[in-house]
Amino acid sequence: MNLYFECKSGISGDMSVAALLDLGASREKLDRALASMNLDHEFKYNITKKSINGIMATDFDVILPEYHHHEHSEEQHHEHRNLEDVTRIIDKADTTENAKKLAKKIFQIVAEAEAKAHGKDVKDVHFHEVGAIDSIADILSFSVLLDDLAPEKVYISTLTDGQGFVMCQHGKIPVPVPAVCEIASKYKLPLKITDNDGEMVTPTGAAIVASLYTGEKLPEEFVIEKTGYGAGKRAYKNPILRIMAIKEAKPLVRV
């Protein structure tokens, strides 16, 4: 089986997880991996169905603990994780070596891009405690599910992003956000900017693509075996990531 990621409405970590679940990847393996993470803070996640523009999609939503409302208070300042901490958490997870390897690769891509965008060393890039839980859950889940489906090839469409500005902890930043630009530049990802206002490609989404991108073109003809729809949270025209399980079409033999 081959997979085709159609990123015409952008891509994020949660959309990618949701689309793979929608395709039928193992919920059981995802539950097991996330339960084994043993983070200091418990987090929950919901997997539901949601209609987007009349299309039934799967939604993957990580629900973070309440404590992050106080993240600016003094005692919270040690709650930052660097790449080494994240790697340790991934290594402890109850999943295959393959899934762990992919998760670490995706995190490395994000960390390197953030480092370059902010003029820091990779080991000084800190994932905010709240963001870290969210990102680890998304990236680990995605890696577990992709490993479960074990595609022979992955094809990826042009990454479509929006424009304008988004708020981050440092203030207003332009879309595509700097980390996405760094990833697209380093891994030569084809990018297209639309007139949608706001961020359609997140750094996690771009890193997922970079970790799988081979540059190979989609076959001209293929048979769709199954389609998975992953719901996005952003309020733009069509926040859905579609992933198709495809196989090459055999040419028809005329007798």
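Biologist: Is Asn53 buried or exposed?
Modeller: This is a predicted model, and in it Asn53 is exposed, with a relative accessible area of 58%. The cut-off for calling a residue exposed is over 50%.

Biologist: Where is Asn53 found?
Modeller: Asn53 lies in the loop between strand 2 and strand 3. These two strands form a hairpin with two residues between them.

Biologist: What is the phi of Asn53?
Modeller: The phi of Asn53 is positive, about 50 degrees, although this residue is not a glycine.

Biologist: How many bridges join strand 2 to strand 3?
Modeller: There are nine bridges between strand 2, residues 44-52, and strand 3, residues 55-63. The two strands run antiparallel. As an example of the pairing, Thr58 in strand 3 stands opposite Lys49.

Biologist: Which residue has a positive phi of about 55 degrees?
Modeller: That is Lys188, which is not a glycine either. Lys188 sits in the loop between helix 6 and strand 10 (191-197). Lys188 counts as exposed because its relative accessibility is 64%.

Biologist: Staying with helix 6, how exposed is Ser185?
Modeller: Ser185, which belongs to helix 6, is partly exposed, with a relative accessible area of 46%. Its C-alpha atom is separated by 9.8 Å from that of Ala113, a residue 72 places away along the chain.

Biologist: Which peptide bond is cis?
Modeller: The bond from Val175 to Pro176 is cis, with omega near -5 degrees. Pro176 is in the loop between strand 9 (171-174) and helix 6 (178-186).

Biologist: Let us turn to the inside. Which residues touch the most other members of the largest nonpolar core?
Modeller: They are Phe5, Leu20 and Phe142, in a core of 69 residues. Helix 5 gives the largest share of this core, eleven residues. A second, separate core has five residues, including Ile52, Tyr229, Ala231 and Ile240. In soluble globular proteins, nonpolar side chains tend to be buried together.

Biologist: What is Phe5 in contact with, leaving aside neighbours within four places in sequence?
Modeller: Among its contacts are Ile11, Phe142, Leu146, Val154, Tyr155 and Ile156. Phe5 also contacts Ser157, Leu212, Arg242 and Ile243.

Biologist: Why is helix 7 described as largely enclosed by the rest of the structure?
Modeller: Helix 7 is described in that way because ten of its ten residues are buried. Among them are Pro203, Gly205, Ile208, Val209 and Leu212.

Biologist: Now the second largest pocket. What is its volume?
Modeller: The volume of the second largest pocket is about 340 Å³.

Biologist: Which residues lie nearest its centre?
Modeller: Of the 16 residues that line the second largest pocket, Asn98, Leu102, Leu146, Ser211 and Leu212 lie nearest its centre. Two of these have come up already: Leu146 and Leu212 are both in contact with Phe5.

Biologist: Which element supplies the largest share of the lining?
Modeller: Helix 4 does, with five residues of the lining of the second largest pocket. Helix 4 (97-118), helix 5 (129-149), strand 6 (153-156) and helix 7 (203-212) each supply at least two residues.

Biologist: And how many residues of that lining are nonpolar, polar or charged?
Modeller: The lining of the second largest pocket has seven nonpolar, four polar and five charged residues.

Definitions and conventions: Residues numbered from 1 in each chain as written. Predicted model: local features only at pLDDT ≥ 70, side-chain atom pairs only at ≥ 80, totals over all residues. Heavy atoms only, no water. Pairing = 2+ DSSP bridges. Helix = DSSP H or I, 4+ residues; strand = E, 2+ residues; numbered from the N terminus. 1 Å grid on protein atoms, 1.4 Å probe; cavity = no way out; pocket = protein on both sides within 12 Å on 5 of 7 lines; lining within 4 Å. Points joined across faces, edges and corners; volume = space filled by probe spheres on them. Nonpolar A, V, L, I, M, F, W, Y, C, P; charged D, E, K, R; others polar. Core = buried A, V, L, I, M, F, W, Y, C linked by side-chain atoms within 4.5 Å. Buried < 20%, exposed > 50% of the residue type's maximum accessible area, 1.4 Å probe, protein only. Contact = heavy atoms within 4.5 Å.
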